[in-house]
Amino acid sequence: MRAPTKKKSHGTAPLALLARLNARVMLKAQADRSIVADIDGYSDPLGKFGAAAAARAQELRAGLPLPSSPSAEDGEAERDVARLIRQLARRGLLEYCLRRGEDANDLVVIEPQTADYWPQAPKLTDTTTVALSRFAYLRRRGSEMVLESPRAGALFRICDPEIASLLMALAAPQTIGSIRRRDDYPGPALLALLLDCQMLFAVAPAKRDALRQAEGDDGLVLWDFHDLLFHTRSTEGRQANPLGGLYPHTGQIAPLPAIRPAWAGKTVKLQEPSGTASPLEKLLHERHSVRDFDGERPITLRELSTFLNGVARVRARWSSPLEFDDGPDIEYTSRPYPGAGSAYELELYLAITNCDGLAPGFYHYDAAAHALTAIDVQQQQLAAMLQSAEFAMDVPSPPPILITIAARFGRISWKYSAIAYALILKDVGVLTQTLYMMAAGLGLGGCAIGTTNIDLFAKMTGLEFHVEGPVGQFALGRGAEPLVSG
């Protein structure tokens, strides 16, 4: 009797990585030799290209090989196509498909989640040990399976079921050499792309039994999976999903009423307030969002100083030992608003466009010294932050002062498990109300902004997004006088 033959491995078949146009994008060649990308009715000019490149650009619908670094031997058409692909990649208008040999079927499709993602394939050796990131997860999206991670610059659409089997095996550390011997070995390119995207991570032999400490830096160790996922998927910068007031359930589910229907049962009618309202009650009633600011009467530096002193300045500082067991003393502060565990993890960063007595720029508020420290940032980055706030508020110009509320995540997650990010968001709500109340008390105007770009903030500050990052924003200025009709 013949022995059963072993299933042939696909590892010997070469893998091809192709750049492919996003399904929502159309490329249109103009009479002046320029090419425009049309995305859902919006046009984005990409530059001028030769006729040969313009004709070949249409092949991006099916996919073109990823260009390497241009060389002197490349013709004009090759250089133009490479430049066009780079322009599309910078705008997040490409996806990348990995195919096996001449097979027309995709093995995986890589969808960028950050604007600057470009596939890289680091060299792997047989002795390299890798494991699946604890932040990576496989889920259903429509009728597709996608591999995602809040750390990754792209997600992987899994088109071959054997890849899912391999991912399950990678839950435990494996050497590249042992993976090569598997029947479902896909070839080195996929493993390298997963490693580059931080879906996989290299495990040092000394940390093989301590995978949480082996992956990333100390700041990453402090994060729970669900917290980092929520942080990245509820902000801009590290995801490509639709975001904001898009009314996605219109026509499917009726909107809930503004006031909850009353419970059935005995009702106790409460008395109406009598007498004069307290100053706090008046302030609460006066508080409202202001989006239209007076550019001719900017806030003064003295007013800004009073504002920051009232909302965030450190009032006291002390340290005490852990509540149980031996351990280091923990430092605490007291500030004008309540904070979870007296951690006070929130920091204020100010983008200034118009403040009398203060130069435009980007500043950090030192709550202990009651001082503003200028941070050197690129002007286009500062402009992008302000433009995003302008768009979010639906106004024609950026606010005079844009306050970004950032969190030093480790201040909370060092102590709390499972509820760390929830506590941070509660602190943001408390601080936002304090900002509103102080603005109203000083006769100024303010407006909370519902989203922030965590990737842009990381580039401006040089801080890793998981170490310190934005969790809220607040526009501040002097409200414009209402127009008088008649």
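The questions below concern this predicted model.

Visitor: How many helices and strands does the chain have?
Guide: In its C-alpha trace, the chain spans about 100 × 70 × 55 Å along the principal axes. Its secondary structure comes to 14 helices and 23 strands.

Visitor: What percentage of the residues in the chain is buried?
Guide: A residue counts as buried under 20% relative accessible area. Of the 486 residues in the chain, the buried ones make up 44%.

Visitor: Among contacts between residues at least 6 apart in sequence, what percentage joins residues at least 24 apart?
Guide: Contact here means heavy atoms within 4.5 Å. Among the contacts between residues at least 6 apart in sequence, the share that joins residues at least 24 apart is 69%.

Visitor: Which strands stand at the edges of the open sheet of seven strands?
Guide: The order of this sheet is S5-S1-S6-S7-S11-S10-S9, with antiparallel pairing. An edge strand has a single partner strand, so one of its sides is left without a neighbour in the sheet. The strands in that position are S5 (64-65) and S9 (137-141).

Visitor: Which residue of S11 stands opposite valine 146?
Guide: Strand S10 (residues 144-148) pairs with strand S11 (residues 154-158) in the antiparallel sense, over three bridges. The residue of S11 opposite valine 146 is arginine 157.

Visitor: At what angle to S11 does helix H3 run?
Guide: Helix H2 (residues 76-90) lies across S1, S5 and S6, and runs at about 115 degrees to S6. Helix H3 (residues 161-169) lies across S7, S9, S10 and S11. The angle of H3 to S11 is about 120 degrees.

Visitor: Is aspartate 184 buried or exposed?
Guide: Aspartate 184 lies in the loop between helix H4 (176-180) and helix H5 (188-196). Its relative accessibility is 8%, and the cut-off for burial is under 20%. Aspartate 184 therefore counts as buried.

Visitor: Which side chain makes a polar contact of 2.8 Å with that of aspartate 184?
Guide: Leaving aside neighbours within four places in sequence, aspartate 184 is in contact with Glu162, Ser165 and Leu166. The side chain of serine 165 makes a polar contact with that of aspartate 184 at 3.3 Å. The polar contact of 2.8 Å is with the side chain of arginine 182.

Visitor: Is H8 parallel or oblique to H13?
Guide: Helix H8 (residues 225-233) packs against helix H13 (residues 420-441) at an angle of about 40 degrees, with the axes 8 Å apart. Angles under 35 degrees count as roughly parallel, and 65 to 115 as roughly perpendicular. The angle therefore makes H8, relative to H13, oblique.

Visitor: How many charged residues are there in the contact of H8 with H13?
Guide: H8 contributes Asp227, Phe230 and His231, while H13 contributes Ala420, Tyr421 and Leu425. By class, four residues are nonpolar and one is polar. The number of charged residues is one.

Visitor: How are H9 and H13 oriented to each other?
Guide: Helix H9 (residues 279-286) and H13 have axes that come within 9 Å and cross at roughly 100 degrees. Angles of 65 to 115 degrees fall in one class. H9 and H13 are therefore roughly perpendicular.

Visitor: How many nonpolar residues are there in the contact of H9 with H13?
Guide: The contact involves Leu280, Leu283 and Leu284 of H9, together with Gln433, Met437, Ala440 and Gly441 of H13. By class it has two polar and no charged residues. The number of nonpolar residues is five.

Visitor: What is the phi of tyrosine 344?
Guide: Tyrosine 344 is found in the loop between strand S16 (330-334) and strand S17 (346-352), and counts as buried at 7% relative accessibility. Most residues other than glycine have a negative phi. For tyrosine 344 phi is positive, near 45 degrees.

Visitor: What is the relative accessible area of histidine 370?
Guide: Histidine 370 is in the loop between strand S19 (361-366) and strand S20 (371-375). Although not a glycine, histidine 370 has a positive phi of about 50 degrees. Histidine 370 is partly exposed, with a relative accessible area of 22%.

Definitions and conventions
Residues numbered from 1 in each chain as written. Predicted model: local features only at pLDDT ≥ 70, side-chain atom pairs only at ≥ 80, totals over all residues. Heavy atoms only, no water. Helix = DSSP H or I, 4+ residues; strand = E, 2+ residues; numbered from the N terminus. Buried < 20%, exposed > 50% of the residue type's maximum accessible area, 1.4 Å probe, protein only. Polar contact = N/O pair within 3.5 Å; in protein donor to acceptor, adjacent residues only side chain to side chain. Axes fitted to C-alpha atoms, helices over the stretch in contact; angles between N-to-C directions. Parallel < 35°, antiparallel > 145°, perpendicular 65-115°, else oblique. Nonpolar A, V, L, I, M, F, W, Y, C, P; charged D, E, K, R; others polar. Pairing = 2+ DSSP bridges.
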